[in-house]
Amino acid sequence: MNPLKPYYQTIASMKEKGLYTPVRVLESPQGPWVTIDGKKLLNFCSNNYLGFAQDKRIATAAIKAIKKYGVGAGAVRPISGNLALHMEAEKALAKLKGAEAAFLLPGGFIANIVAIATIVGKEDIVISDELNHASIIDAIKLAQVKTKFIYKHNDMAELEARLTEAVAVAKTPKSDGTKPVILVVTDGVFSMDGDIAHLPEIVRLAKKYGAVTMVDDAHGEGVLGDGKGIAHHFKLAGKLDIEVGTMSKAFGVLGGVIAGKRELIEYYRQKGRPYLFSTGLTVADAAAVIEGVKILTKSKSLVRKLWDNAAYLRKEFQKLGFDTGVTQTPITPVMLGDENLAKEFSAKLLARGVFATPIKFPMVAMGKARIRVMPSAGHSKKDLDYGLRAFAQVGKELGVI
Ligand SMILES: *Cc1c(COP(=O)(O)O)cnc(C)c1O
């Protein structure tokens, strides 16, 4: 028998439970409207907050860079693939975030692995919010940390209790004689619910107990703090030890970033394995990041439009009787609970011209399925009303409202 057969059988059972994900194919740019199977659909589920994925200015900057540099870095950066564009993009990002230095990697997932697994090992300690992103969870696994504490979502009393325990554990030096690192790590904006970490309190507690702070700002960049991210939102620029981010959400391209003190970034550049053994960003991505920072720095209008749209959408969903959970940001979950209900809801939306994929296990806990609506600066009021009408119809049809 084929030893891989049990995996294939899993597919059948996933389909039964509504856990199988059919992946749609976009035949158009990633914009407020997309074409799927030849049909024009309202796009209610991208992370393209500001429309940067199809922004003409950014596309032009990328094309210009390609004409000058070609398409690829051609090697890992420490060997021969370190482009002037990479350095320029890093400088721009550091400035935007108000950090001493920034470090670009080929994705946010990878950035979390570098940020965590490079400074935390078996004998160190990690304290992590239970709703942190999968890439943080996997980075902690990769670090093989023996002492890890998962605290209840955003529960600062539990965080303090865990810090106290961690401090006790850290009294025993590591086998090389040094003191264990205590790392407190959290998503900035929680990607499935849209609520924000209590970062000022996290920073205060971490400082009190001598822990290192790390925030993953994937959904905060381009969104919070006039687009400069969560550190600016909370006036904490320069006060966080490690800030991770992604170029793959509001920036509309691909890439990850770590920002922090110059010495820390230098350490990552010497020791981060995914940096040492994986090729640098493409020319188009690096050029797009530079142009994206320029646009964010010049004008707040896109960020404002995004928030206006988000506020309108949330208010109207609530008026209709939908449960939008605990969101504080443009991430607008429409809570449904049952996996199959979410799947059916999404299919019916699609038939009415709205593209909004269901979010279900393992992206959220079992029984907490939802449709996560993502407004963008590119949507008009008319677009939002079109989507709301479809939600109202399907919601009534399925007895949700
Ligand atoms: C999307 C996301 C990532 C991964 O970023 P990529 O650049 O897409 O790899 C990491 N952390 C959080 C919180 C995210 O939402």
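How accessible is Glu397, and does that count as buried, partly exposed or exposed? At 43% relative accessibility, Glu397 counts as partly exposed; the labels are buried for under 20% relative accessible area, exposed for over 50%, and partly exposed in between (1.4 Å probe, protein chains only). Keep in mind that this is a predicted model, so local features need pLDDT of at least 70 and side-chain atom pairs count only at pLDDT 80 or more, while totals for chains, interfaces and linings use all residues. Residues are numbered from 1 along each chain as its sequence is written, and side-chain values use heavy atoms, with hydrogens and water left out.

**Domains**

- The protein splits into domain 1 (5-54 + 301-397) and domain 2 (56-298), with bounds that come from an automatic or database domain assignment.
- Taken over C-alpha atoms, the centres of domain 1 and domain 2 are 27 Å apart.
- Domain 1 puts 25 residues into the contact and domain 2 puts in 24 residues, where contact means heavy atoms within 4.5 Å.

**Nonpolar cores**

- A nonpolar core here is a set of buried Ala, Val, Leu, Ile, Met, Phe, Trp, Tyr and Cys residues joined through side-chain atoms within 4.5 Å.
- The largest one has 64 residues, and the members that touch the most others are Leu93, Ile127 and Leu159.
- Helix α12 (residues 283-298) gives the most to this core, at nine residues; helices (H or I, at least four residues) and strands (E, at least two) are DSSP runs, numbered from the N terminus.
- Domain 1 and domain 2 both give residues to this core, so it lies between them.
- Leaving aside residues up to four places away in sequence, Leu159 touches Ile127, Tyr151, Val184, Ile202 and Leu205.
- There's also a second, separate core of 25 residues, and among its members are Ala101, Ile116, Leu183 and Val185.
- As background, nonpolar side chains tend to be buried together in soluble globular proteins.

**Salt bridges**

- The rule is a side-chain nitrogen of Lys or Arg within 4 Å of a carboxyl oxygen of Asp or Glu, and by it the count comes to 18 salt bridges.
- Lys174 and Asp124 pair up at 2.8 Å, N to O.
- Lys174 sits in the loop between α7 and β6 (182-187) and Asp124 in the loop between α5 (108-117) and β4 (125-129), so this pair ties together parts that are 50 residues apart in sequence.
- Both ends are buried: Lys174 has 16% relative accessibility and Asp124 has 4%.
- Glu397 and Lys348 form another bridge, at 2.9 Å from N to O.
- That pair links distant parts of the chain, with Glu397 in helix α15 (residues 381-397) and Lys348 in helix α14, 49 residues apart.
- Lys348 counts as partly exposed because its relative accessibility is 23%.
- Lys315 and Glu316 meet at 3.9 Å, N to O; Lys315 is partly exposed at 43% relative accessibility, whereas Glu316 is buried at 16%.
- Arg77, Glu90 and Arg269 are linked in a network of salt bridges.

- Phe361 and Pro362 are joined by a cis peptide bond, with omega at about 5°.
- You'll find Pro362 in the loop between β12 (358-359) and β13 (369-373).
- Asn154 isn't a glycine, yet its phi is positive, near 55°.
- Asn154 lies in the loop between β5 (147-151) and α7 (156-169), and at 12% relative accessibility Asn154 is buried.
- Asp226 is another residue other than glycine with a positive phi, near 55°.
- Asp226 belongs to the loop between β7 (212-216) and α9 (230-233) and is partly exposed, at 41% relative accessible area.

**Two more spots to look at**

- Ser346 is part of helix α14 (residues 339-351) and counts as buried at 10% relative accessibility.
- Not counting residues up to four places away in sequence, Ser346 touches Ala356, Thr357, Pro358 and Ile371.
- Leu4, Tyr7 and Tyr8 make a nonpolar surface patch of about 360 Å², with accessible areas from the Shrake-Rupley method (1.4 Å probe; for residues, only the protein chains shown count as cover).
- Patches are made of residues with over 30% relative accessible area and no salt bridge, joining like charges within 9 Å and nonpolar side chains (Val, Leu, Ile, Met, Phe, Trp, Tyr) within 5 Å.
- Leu4 falls in the segment before α1 (5-16) and is partly exposed at 41% relative accessibility.
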